[in-house]
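This briefing is meant to be read with the model open beside it.

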Amino acid sequence: MRIMSSRLVLVLLVLAMAVVPLFVSSGYQLFQFTMVVAYALAVLGVNLVTGYNGQISLGHGAFYAIGAYVTAIMMDHWDLPYWSTLPVAAVICAGVGFLLGLPALRLGGLYLALTTLALAAAVPQLLKYDLFEGWTGGVQGISIIKPDAPFGLPLNADQWLYLFSFAVAVVLFISAWNLVNGRIGRALKAIRDQPLAAEAMGIDLAQLKTRTFAASAMYTGIAGSIAAIAVQFVSPDSFASALSITLFVGMVVGGAASISGAVFGALFIQFIPNIADQVSKAAPGAVYGLILIVFMFVAPGGIASLVRKWWPAGGSRARST
Amino acid sequence: MKRRTFLAAAGGVAAAGAGLARPALATTVGVTATELKIGNTMPYSGNASSYGVIGHGDAAYWKMVNDMGGVGGRKINFISYDDAYSPPKAVEMVRKLVEEDKVALLFHPLGTPTNTAIQKYCNAKKCPQLFVSTGADKWGDYKHFPWTIGWQPSYQVEARIYAAYIKKNFPNGKVALIYQNDDFGKDYLIGLKDGLGADFSKFVIKVVTYESTDATVDSQVVTMKDSGADVLVTAAIPKFAAQVIRKVYDIGWKPAHFMTNVSSSVGATITPAGPEKAVGMITSQYLKDPTDPEWDKDPGMNEWRAFMKKYIPNGDLTDGGYVASYGACTTMHQVLKQCGTDFSRENIMKQVANLKNETVPVLLPGITVNTSPTNFHPIRQMQLARWAGKTYQRFGDVIQG
């Protein structure tokens, strides 16, 4: 009974999140929310590999960039519809993620963090590389056109894109929830907490770790695709190495190893810099840092853990993760 | 979208006073009987935050204008947001300015990647994107982007001026070029190729690049020295320009050094690098250098100094960013004056393309601002200058590039 009611609350909440902004938000706000959806998926990707599986990645900005570029190139060069680019971006990013997962097997902890950071630093430069310039547009980047609502729906482009991204995100969030709360999820956490014991239990460490990396990269790649469609522009400067750190911050602030934490983390990285800018034009970076520290003190387990305390409906389930 | 534009237009017209005669299709947004809203984005945070002073300068200028009674009976409401030099953030902030704050126009947004990201949007919304703070050549493309215009001389113009000088004064020179791997840097490569023409490969023996996210460019400088070059062209933003100057000096290399105007600022580049290490370096100028004693009694610079004293009392008087800001602001101010009482976006653009031999207090003597419906490059003239240890010394004539 209690589970039922908490599920119902969750479903209603998700429906409200999908529908209410369509009526009350301006185009600009919908754009912001679409970016929150994209960031939430990206942070969820980081969370899968780092939060749940314990493999620290500071390079997910690279997957985000690859996803964005796949979408931009497909839409710009081949005039393909925006929705068809998402699965392609997903497959390509999963492939790259899998390949990166191979060296990750040999590198633990801090060394893996550095390796992934190197990837994040390399990608903007690779995007400018002469050899790919015909595709990537080099430093100029690629401009794409925002899709209109299909089937003559009475929605403008911003409203449609928000709804579309939201629907994609809901599917991916439910998949992630199922993944981490099932047999595989338990194995992931076992590897994170006690790799030796996990192996003794018969878990194939190598296989699971590389596959987690692939799934994680896929999530972040799809996020990049959505962001590219929303921003209508990709360029190497859009994916500076700081982006990877931002996603990592989102994961920690939102709550490591928490599905809902990805949403809170995304809200943080989308809106806190704006607030910092409002507070001080002279040193917005310092204000941002200060807010970050305050959050770490107030919610050491991430915002999700704080919300869990105050929201009894979700408490029983959330504590089990 | 059509409906929204119409509503915005209707709202603007009603607010501005329905009695005024105006063209049937004119769109007036962000203007009331007492206020005119101007939007802007700047990198107040992030890697390019040293340019943030330009935003502070802009804000102070419009405060001064308001203290003097505003323009056309209206106070300027200057709204500036941080874009951290990130294209997605710039898109977000510009959408906020255009859709939520409903600004009449965008003035002086800074950065080539950020302005590229918003250019299509601004032109689709028919929102003027004026006097963008970047020297890329592409802002003069009035055919494809009639709502976008630059201000400063383009990087290509500048590089062509250097090329001409190198050809004439270093006929056997071996040139090394270091440029930032983006639009900004590549314009210098294009300009040098343009200017040197068929002789490009004869002159230029080494080309290296760096990324704006790199920590240092020390190794690039060493590579260039080892190539045997005796002429160095640096197309780098101030942080890296200062590194180049320091490293060139420290390893005992003595090339004829041409420095992009972007990084000629004493406050932002020379002082951090060490003034004695930059002696002999050549740059080109279009603005009066605030550290040059020649302008100590110059009426234009006195006007600027009085402004700084009153509105930015803590500002660094050697930072050329404030001077550039003042120049662009006076140009914008002139456009608004020319608008009279018709602040429709159409009329704003008409006046933007109608600046004739406009003198700007902080521009070098002989350099004026000129635009027309077929010329969206407001400043096309520069003069060479050499760093003499304490100030720059200009030499030669004003050159049209």
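Helix H8 (residues 183–193) of chain A packs against H10(A) at an angle of about 105°, with the two axes 11 Å apart; axes here are lines fitted to C-alpha atoms, for helices over the stretch in contact, and angles run from 0 to 180 degrees between N-to-C directions. This is a predicted model, in which local features need pLDDT of at least 70 and side-chain atom pairs count only at pLDDT 80 or more, while totals for chains, interfaces and linings use all residues. Residues are numbered from 1 along each chain as its sequence is written, and chains are lettered from A and ligands numbered from 1 in the order in which they are written.

**Helix packing in chain A**

- The angle makes H8(A) roughly perpendicular to H10(A), a term that covers 65 to 115 degrees.
- From H8(A), A:Ala187, A:Leu188 and A:Ile191 meet A:Leu205, A:Leu208, A:Lys209 and A:Thr212 of H10(A), where contact means that the C-beta atoms, placed from the backbone, lie within 7 Å.
- The residues of this contact divide into five nonpolar, one polar and one charged; Ala, Val, Leu, Ile, Met, Phe, Trp, Tyr, Cys and Pro count as nonpolar, Asp, Glu, Lys and Arg as charged, and the others, Gly among them, as polar.

**Contact between the chains**

- Chain A brings 28 residues into contact with 26 residues of chain B.
- Five residues come from H2(A), which gives the most to the side of chain A that touches chain B.
- By class, that side of chain A has 12 nonpolar, 12 polar and four charged residues.

**Sheet in chain B**

- Five strands form an open sheet in the order S2-S1-S3-S4-S5 (chain B), with parallel pairing; helices (H or I, at least four residues) and strands (E, at least two) are DSSP runs, numbered from the N terminus, and two strands pair if DSSP finds at least two bridges between them.
- Strand S2 (75–82) and strand S5 (148–150) of chain B are the edge strands, each pairing on one side only.
- Strand S4 (residues 129–132) of chain B is joined to S5(B) by two bridges, and B:Val132 stands opposite B:Gly150 in S5(B).

**Domains of chain B**

- Chain B is divided into domain 1 (2–153 + 300–380) and domain 2 (155–285), with bounds that come from an automatic or database domain assignment.
- The contact between them takes 16 residues from domain 1 of chain B and 21 residues from domain 2 of chain B.
- Taken over C-alpha atoms, the centres of the two domains of chain B are separated by 31 Å.

Key
Contact = placed C-beta atoms within 7 Å. Parallel < 35°, antiparallel > 145°, perpendicular 65-115°, else oblique.
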